[in-house]
Amino acid sequence: MPHANALYGPLDPAPDAGYENPPPRMGFFTDTSVCIGCKACEVACKEWNGVPESGLDLLGMSYDNTGALTANSWRHVAFVEQPRSAGWATPAFAGDPDGPAISPVTAAAGARTSTDTGTDPGLDTGSPAVAARMSGGPEFLGMPGAQPPGRGSGAEGRTDFRWLMMSDVCKHCTHAACLDVCPTGSLFRTEFGTVVVQEDICNGCGYCISACPYGVIDQRKDDGRAWKCTLCYDRLGVGMTPACAQACPTESIQYGELDELRERAAARVAKLHERGVPEARLYGHDPNDGVGGDGAFFLLLDEPEVYGLPPDPIVTTRDLPAMWRRAGLAAMTMAVAAAVAFLGRRP
Amino acid sequence: MGVRSWFEGWPVYRQLTGTDPLGRGAAAKSDGSRALTARTDTADSVARSVCPYCAVGCGQRVFVKDGRVSQIEGDPDSPISRGRLCPKGSASKSLVTSPLRQTTVRYRRPYGTEWEDLDLDTALNMIADRVLAARDETWEDVDAEGRPLNRTLGISSLGGATLDNEENYLIKKLFTAMGALQIENQARI
Amino acid sequence: MAEAHPVGFQWVMEAKRRGAKVFHVDPRFTRTSALADSYLPIRAGTDIALLGGVVRYILDNELDFREYVVAYTNAATIVTEEYADTEDIHGLFSGFNDDNATYDQASWRYQGHSQNQTTRDSETQRETAAGLENESHGAPVGGETERDETLQHPRCVYQILKRHFARYTPEMVERVCGIPQEKFFELARAWTENSGRDRTGMLVYSVGWTQHSVGVQYIRTGAIIQLLLGNVGRPGGGVMALRGHASIQGSTDIPTLFNLLPGYLPMPHHANHPTLDEWVDSIAHPGQKGFWGNARTYGVNLLKAYWGDAATADNDYCYGYLPRMTGDHGTYQQVLDMIDGKLKGYFLLGQNPAVGSAHGRAQRLGMANLDWLVVRDLFMIESATFWQNAPEIETGEIAPERCRTEVFFLPAASHVEKEGTFTQTQRLLQWREKAVEPPGDARSELWFFYHLGRVIRERLATSTKPRDRALLDLAWDYPTHGPTDEPSAEAVLREINGYDVATGRPLASFTEMKDDGSTVGGCWIYTGVYADGVNQAARRKPGSEQSLVAPEWGWAWPANRRILYNRASADPDGNPWSERKRYVWWDADKSEWTGYDVPDFEKTKPPSYRPAHDASGVAGIAGDDPFILQGDGKGWLYAPTGVLDGPMPTHYEPVESPVRNPLYRQQANPTRKVYTHPINTLNPSPPQEHSQVFPYVFTVSRLTEHHTAGGMSRTVSPLAELQPEMFVEVSPELAALRGLSHLGWAHLVTSRAAVEAKVLVTDRVTPLRVDGRIIHQVWLPYHFGYEGLVTGDSANDLFGITLDPNVLIQESKVGTCDVRPGRRPRGQDLVDLVVDYRRRSGNLVHRYPPMVTTDVADSSSDQEA
């Protein structure tokens, strides 16, 4: 029988998916507080998985020219410029003769030029409002570029500044809606608890794309199939580390047993709090959250929206049983009604 | 394949009879997924190398299959890099296997408007001719006071910082013997 | 460092995790700044003022590591009375010669030394970039010095230093660099508090530091601080250069440089080195202390390696075959000579000067005026296609049908298609195994040059010309193998290492070399890399199975030492300064030096050893002289000779600067190397008129996603897409001032070129308050050119050519420009725009900035009025 939490709530997904004595659940802990935004993860992923080029456009989103997780970018490093204190550092521009911060405006201008990522729905990093949030400045209201940058309201000169970087990736949810809606069995749960698209099965129906609460999985334009991070399933099988984590110079991307990573992450948050970074928090680590916890979770230094992450993702198939029940009831009602109507015709 | 094994290979059969009633894991695993293994595991050979970009000197492992580079990644044994690589180092396979790489000699004749093909051996001999001619035309035996110069200022060279020590050694040795002084590399820039 | 050397930066993160405090000084906020504890925005070209401020802070507060300073540096050494400081001469030192803009260094010498022991005058030293010879050892100086170890003598180095830096106050740092005083104090306090017996601080620079008209003095200033704080020769200390090419260190050690021979031996100069004896004596300086006393040995071994059996004692080991320098034969002189039609042929070996060198237009016009050009590269780079696609095609300055340069493009083997060693930035040689055969016609440089040499020697086989003897007698018989007759790199490495001629036994150390022709060695500092017939550079014992020093991974020159001058990690008596910083020490029981690293000292020379009065060479080094390649065994706070622009660093403005030097009347480095050539126009700077035509400061550097001139990154898809376009970073304030919009276009104009770029308006760039004015800086990556998957204008086109006098490296990290909205004009309109700027700046007739400006008392900040 399926587990009571098969679609929602805490669960160890591999046994639930039929693996007897599976290896421990494996995952990523991405500590953004040590990310240097080098994008080695993006490149190492592409090299290992043969992921094609994703466009040669200057997006103007700080140093992010990838834009989003797509079928052709399975790792994406977000860059967020904010006129805020880094916590651990002396204010970057204290004492310099500068005016108000421009980052909300530039982030919004950049967002408007970002190319269609093909991810729909999902979080739209192309919206000026989201971009303004990402910049951490005042909510952006006007049209970007309506006035020359720097001719702002004459507010205080900027002193604090921080540059957040985060390498985003498929979350490998405990409850993966993409997998649950996949009609072909292309998406499946591996023995490591990860979620993988099987390219030899996928028929490009695209159901998974609208199901993902994070906007991760995406259709490749030229072949129609859905693609995303596999957590290097082929490497895991022979005991290797996924390519991105192997390359990461500063151990921002850590790969390991999920339970151990969660402990490590909690300790790291405590340490950062101790060191005067109260805004450090974990994201996707909690088995009680809307997706049953992520196999790839993060240490963030700001609200999730700032990085382009949904604040409270919920597996889109959570209500599937209820929906089925309601649908079933409706169908039965219809059938009864039809029968009654049919019978009722009898004189 | 017998009918029975074909039938047992059918995911729905596995789903209905196995431990994965919802068909989300073991039962859904495709032949492709079952056959999957890391290509580093099946490489014919592994060369221990060093990243060609900056001067940190990160260790690389170069995996080869059927005479082609199939993967380049960090060497975890290196005490310098501990297996890590930056985006450039991580792109090394794309660098060495790039379709943009030139693999044949190209020749542009004086006043030419197009590239032409040239045989490598012919090119080597043509270059040797030109080196000797330039050297003869610009040779300086002695200075105005009769002190030896033994040189040509008609030939120069730039490059070496991306090359091997052994290569720089031969370059310098040959140029010095032919009297070519104007040998420079990125260390001057 | 996170930006250009991310994998090296893991160790900074490691240190941070253990509580280290990280400061980052940079004109723009980079990925390194993002992780630093404190970021100091600085005006490009003013680092000496900042570091000079730190020197003053140390000396004023007596925060130097006194025991180390007295024992190991020349702080106590007394300087001659003739010396006069920049304090006395408006920013010049004594000995300046107006005629040729050089210093006579005699007045800088130590007390009691009759003269400095150099055979070359300063002008010759500048023209031949003699400073580079000092990469492995100090400039020549007598070993016997007069000292006052109380440091009270008014002419001891300590007091001279104190006086020299007296005006580098925190206020002055703020005025010159634009760094607020609080930030300066934070840096100075952290640096000094984290240095001493128990702690060490490290200074890391990237080689943009060398690309200034005072580049050598930048690094000297850093070294002075590190010496004062006792941070040299000790673990966690030092001055770390982050070099940018896989083997740029190797290509300096085994130089493809005009002025050097392997192992930092000078290329002979026609006037100074007519004979072997004179050449050797000019290096060894009879009477000098240290390992350079054996220069004859190193020289003879090299000549034997070059000319083998033909090199004998009777013919001075073929010394006569060596070509002679008469002056500057550097890469920029070459380019100007190309433009003037003096050069016939040019080889480019994995280098792309059309994009990577200063003044791209001069580079391209030079290449368009050759008889022939050989380009060896992986990709079709800009320097191979200038005749087709250069910007000068559009302006009509180059037309294919009028360009006579014959171009050979020969594909090169990549790093996985050949074997050999790279020397990385810490002098570590690492052998690469060959993975696959190169594709098609691609070949290694080893193949190309071996076979080119073979063909040339065959052509000359019957020649009787004396000039051809050097080629015919050359030892050129390397074994070859494989389908392409690839020469054996290992055989070459063995020759570099050296061996005994009679037995063929590889030498284990350069101390085994003989000066009688019985041994051969191609690069003495590399001797030991093939010790015991084993390729030591190929050693790969995993780091996890070794100590942190990891001595069995690769091989470091010299003698596999990982930290140079590590004798200084012990106190004068040979004991560790502290348990925490224990590294190399004297084991009294065994009567030898021991520790975690190979001691950089004679193994059994006790700390108590004192040389006899007239001892020279290695015997002259006392048991407590850690700096064994310095003539006096000491670390130099003050350079009595060898640094052409002064015995101590002095802040001079960049050659192109919008401000008058706030520190001295002397504006720029008075000894800089200037090329007066019609193509080399310079923007005016104060006290010249019209500097306001180019009001903004620009600087260039690297992005993580690209490599140098882009030949190995703009051609590689997963890198090209990460930074797909040329851009310029500007502050919101400058954007407002000049009407620039985010992601719109802008172009930058100098008196050489106009270059366009997409605009990134970012809070990461800030204006600075400099000497009461607001100075705007902009930043550009220099990776772009007109070939590859992603293209754009080249930032290096903006620069003129002015060089540091010590090493002849160009100032290409700072210049002045105008910034305008929109794209640049095309064709003739582009030429007209640049000419118009030159006209407005009064530079249509070539006027070069005056070398000396000490008579111009117009500085608003002239303290000397």
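The model is predicted. Chain C touches both of its partners discussed here: it meets chain B, and it meets chain A. The largest nonpolar core has 399 residues.

**Where chain B meets chain C**

- The contact draws on 100 residues of chain B and 130 residues of chain C.
- On the chain B side, 49 of the residues are nonpolar, 28 are polar and 23 are charged.
- Strands also pair across this contact. Strand 4 of chain B (residues 106-108) is joined to strand 11 of chain C (residues 406-411) by three bridges.
- These two strands run antiparallel.
- Within that pairing, R106(B) sits opposite F409(C).

**Where chain A meets chain C**

- Here 50 residues of chain A are in contact with 54 residues of chain C.
- Several elements of chain C supply at least two residues each to this side, including helix 1 (9-17), helix 8 (181-193) and strand 25 (754-761).
- Sorted by class, the chain C side holds 29 nonpolar, twelve polar and 13 charged residues.

**Inside chain B**

- Strand 6 (residues 139-142) and strand 7 (residues 148-158) of chain B run antiparallel, with three bridges between them.
- In this pair, W139(B) stands opposite T152(B) of strand 7.
- Strands 6 and 7 of chain B form a hairpin with five residues between the strands.
- In that hairpin, G146(B) has a positive phi near 85 degrees.

**An open sheet in chain A**

- Four strands of chain A make an open sheet, and their order is 8-1-10-9.
- The pairing in this sheet is mixed.
- Strand 8 (253-257) and strand 9 (281-283) of chain A are the edge strands, so each has a pairing on one side only.
- On average, neighbouring strands of the sheet are turned by 25 degrees against each other, with direction ignored.
- Strand 1 of chain A (residues 26-31) pairs with strand 8 of chain A through five bridges, in the antiparallel sense.

**The largest nonpolar core**

- Of the 399 residues in this core, A44(A), M165(A), C178(A), V55(C) and V759(C) touch the most other members.
- Helix 3 of chain C (residues 47-60) gives the most to the core, with nine residues.
- Setting aside neighbours within four places in sequence, C178(A) is in contact with L187(A), V195(A), C208(A), A211(A), C212(A) and I217(A).

**A closer look at W88(A)**

- W88(A) lies in a loop of chain A, between strand 2 (75-82) and helix 3 (103-113).
- Is W88(A) buried, exposed or partly exposed? W88(A) is partly exposed, because 18 other C-beta atoms lie within 10 Å, and a residue needs 20 or more to be buried and 12 or fewer to be exposed.
- Which residues does W88(A) contact, leaving aside its neighbours within four places in sequence? They are R275(A), G276(A), V277(A) and D37(C).
- W88(A) and G276(A) are 188 residues apart along the chain, and their C-alpha atoms are separated by 6.2 Å.

Definitions and conventions: Residues are numbered from 1 along each chain as its sequence is written. Chains are lettered from A and ligands numbered from 1 in the order in which they are written. This is a predicted model: local features need pLDDT of at least 70, side-chain atom pairs count only at pLDDT 80 or more; totals for chains, interfaces and linings use all residues. Two residues are in contact if their C-beta atoms, placed from the backbone, lie within 7 Å. Ala, Val, Leu, Ile, Met, Phe, Trp, Tyr, Cys and Pro count as nonpolar, Asp, Glu, Lys and Arg as charged, and the others, Gly among them, as polar. Axes are lines fitted to C-alpha atoms, for helices over the stretch in contact, and angles run from 0 to 180 degrees between N-to-C directions. A nonpolar core is a set of buried Ala, Val, Leu, Ile, Met, Phe, Trp, Tyr and Cys residues joined through C-beta atoms within 7 Å.
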